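Please read them with the structure open.

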Amino acid sequence: MTDTESTSVFNSSDAGSLAERKARHLEICVRPDVYAVETNRTGLDGVRFVHRALSEKNLADCTTETEFLGLPISIPVFISSMTGGSDEAYRVNRELARAAQIARIPVGMGSMRILFRKPEVIDHFRLKRIAPDVPVFTNIGGVQLPQISHSLIIETAKKIEVDAIAVHLNIGQELFQADGDTEFRGVLDGIRRLCEASPLPIIVKETGFGISPDDVAALLDAGVRYVDLAGAGGTNWVRVEAHRSDDTTTADEFSGWGLPTGVLLGALARTGDGRKRDGILASGGIRTGMEVAKCLALGAEAVGLALPFVRDVTSGGADAVVKRVEDIRTVLRSVMIMTDVATPRELRSVPLWSTRAFDDESASLAATATDEPGRDNADG
Ligand SMILES: Cc1cc2nc3c(=O)[nH]c(=O)nc-3n(C[C@H](O)[C@H](O)[C@H](O)COP(=O)(O)O)c2cc1C
């Protein structure tokens, strides 16, 4: 496909309306007093750590430092992909990038799609200049991959000097968006081809409904560096879109849709060879340091937050984001000491105890996977 063909993706929606839509998303997401956009069930409350009264760790033994995309970061927490393209979005992104640089954590940005139509806003996406010492990743929709030239995506990513490209999967949102995409065939193939062509690592994420164990396996097999589960329990994009159209009747039926982040991690730990695999990021509904610690213990390499950080920026700028990260660090470090481990990675090996409901749901979801060891038995 040529670069000229790439503009066909804008047939139904020009850059102006795209920027307006992004601005409206922001407005809806930062007004919890007016718009309910969250669903609040990750399943993580069904999991607990085993407190170790005889921990042998001193505070000085423990570090939250780790790596992301091979680059050093201060804690395995990242700012999930959000916005870009409008003036307000730029203001938000600048503060998020400033916070990421201060806190030394990775930062994602919203879809770069608008750049193919409105290249003059490229500076809005040059967050690496604000956060030169941390991993920064750009973003593009999976549904756009069969439509846009991959060389254009890669060249644009290089121009804005990012460390990775995140591809988002958002069928639910597209279906409930008045001018949304409705053609979803060919996305996995597009991801595979992008992985082959791109010198930059590819991250694939959902936007709040999760990625099933079989789809995770397919994405890792396609060459994806990280799969960010972006599961259910936080921002529900069908709801966000419904608020935009002022009619929530049918969207309400999707309030409980999706794979809760914690249950999904529990299921993944039960599939394949049963060991926690590399390359999994967790996000979707993560709001506290304890939830971050639980995701790491369940096998995530790093944990992302979106809605809390964008609300922080609105209420208190970069300082509020940094404060939240420091609070998460305090909790994570305390959990590490109280479970007798010195690094976030070691949390993966600590024993967990869980409710019957969590175990049943994780096992039931794992049993849907075609590579799940007990599946043949389950099928009789
Ligand atoms: C204001 C806002 C804008 C977002 N825009 C994007 C986007 O452009 N691309 C993307 O992949 N995800 C986007 N997301 C989704 C988040 O990255 C995340 O997957 C989702 O909100 C679930 O996480 P949360 O519960 O922590 O909010 C956006 C989220 C918010 C709150």
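1. Is helix α7 mostly covered or mostly exposed? Helix α7 is mostly covered, since seven of its nine residues are buried, where a residue is buried if 20 or more other C-beta atoms lie within 10 Å of its own, exposed if 12 or fewer, and partly exposed in between, with C-beta atoms placed from the backbone. The buried residues of α7 are W237, V238, R239, V240, E241, A242 and H243, and what covers them includes α1 and α4 (171-175). Just after α7, D246 takes a positive phi of about 65 degrees.

2. A word on the basis of these notes: this is a predicted model, in which local features need pLDDT of at least 70 and side-chain atom pairs count only at pLDDT 80 or more, while totals for chains, interfaces and linings use all residues. Residues are numbered from 1 along each chain as its sequence is written. Helices (H or I, at least four residues) and strands (E, at least two) are DSSP runs, numbered from the N terminus, and the protein chain has twelve helices and twelve strands.

3. As to overall form, the C-alpha trace of the protein chain spans about 60 × 55 × 45 Å along its principal axes. The radius of gyration of the protein chain is 20 Å, which agrees with the value near 21 Å that a compact globule of 380 residues would have; this radius is taken over C-alpha atoms, and the globule rule is 2.2 Å times the number of residues to the power 0.38. Of the 380 residues, 48% count as buried.

4. The axes of helix α1 (residues 15-29) and helix α7 (residues 237-245) come within 10 Å and cross at roughly 105 degrees, the axes being lines fitted to C-alpha atoms, for helices over the stretch in contact, with angles that run from 0 to 180 degrees between N-to-C directions. The two helices α1 and α7 are therefore roughly perpendicular to each other (angles under 35 degrees count as roughly parallel, over 145 as roughly antiparallel, 65 to 115 as roughly perpendicular and the rest as oblique). On the α1 side R24, H25, I28 and C29 meet V240, H243 and R244 of α7, where contact requires C-beta atoms, placed from the backbone, to lie within 7 Å.

5. Helix α1 also meets helix α2 (residues 87-103), their axes coming within 8 Å and crossing at roughly 55 degrees, which makes α1 oblique to α2. Here K22, A23 and L26 of α1 are in contact with E88, A89 and V92 of α2.

6. The largest nonpolar core holds 106 residues, of which L96, A100, I105, V107, V227 and A300 touch the most other members; such a core is a set of buried Ala, Val, Leu, Ile, Met, Phe, Trp, Tyr and Cys residues joined through C-beta atoms within 7 Å. Helix α10 (residues 307-338) gives the largest share of this core, eleven residues. Leaving aside neighbours within four places in sequence, V227 has contacts that include V204, I211, V216 and L281.

7. Which residues of helix α9 (residues 289-297) are buried? They are G289, E291, V292, A293, K294, C295, L296 and A297, and α9 is followed by G299, whose phi is positive, near 120 degrees.

8. D214, in helix α6 (residues 213-221), is partly exposed, with 14 other C-beta atoms within 10 Å. Not counting residues up to four places away in sequence, D214 touches A369 and T370.

Technical notes
Two residues are in contact if their C-beta atoms, placed from the backbone, lie within 7 Å.
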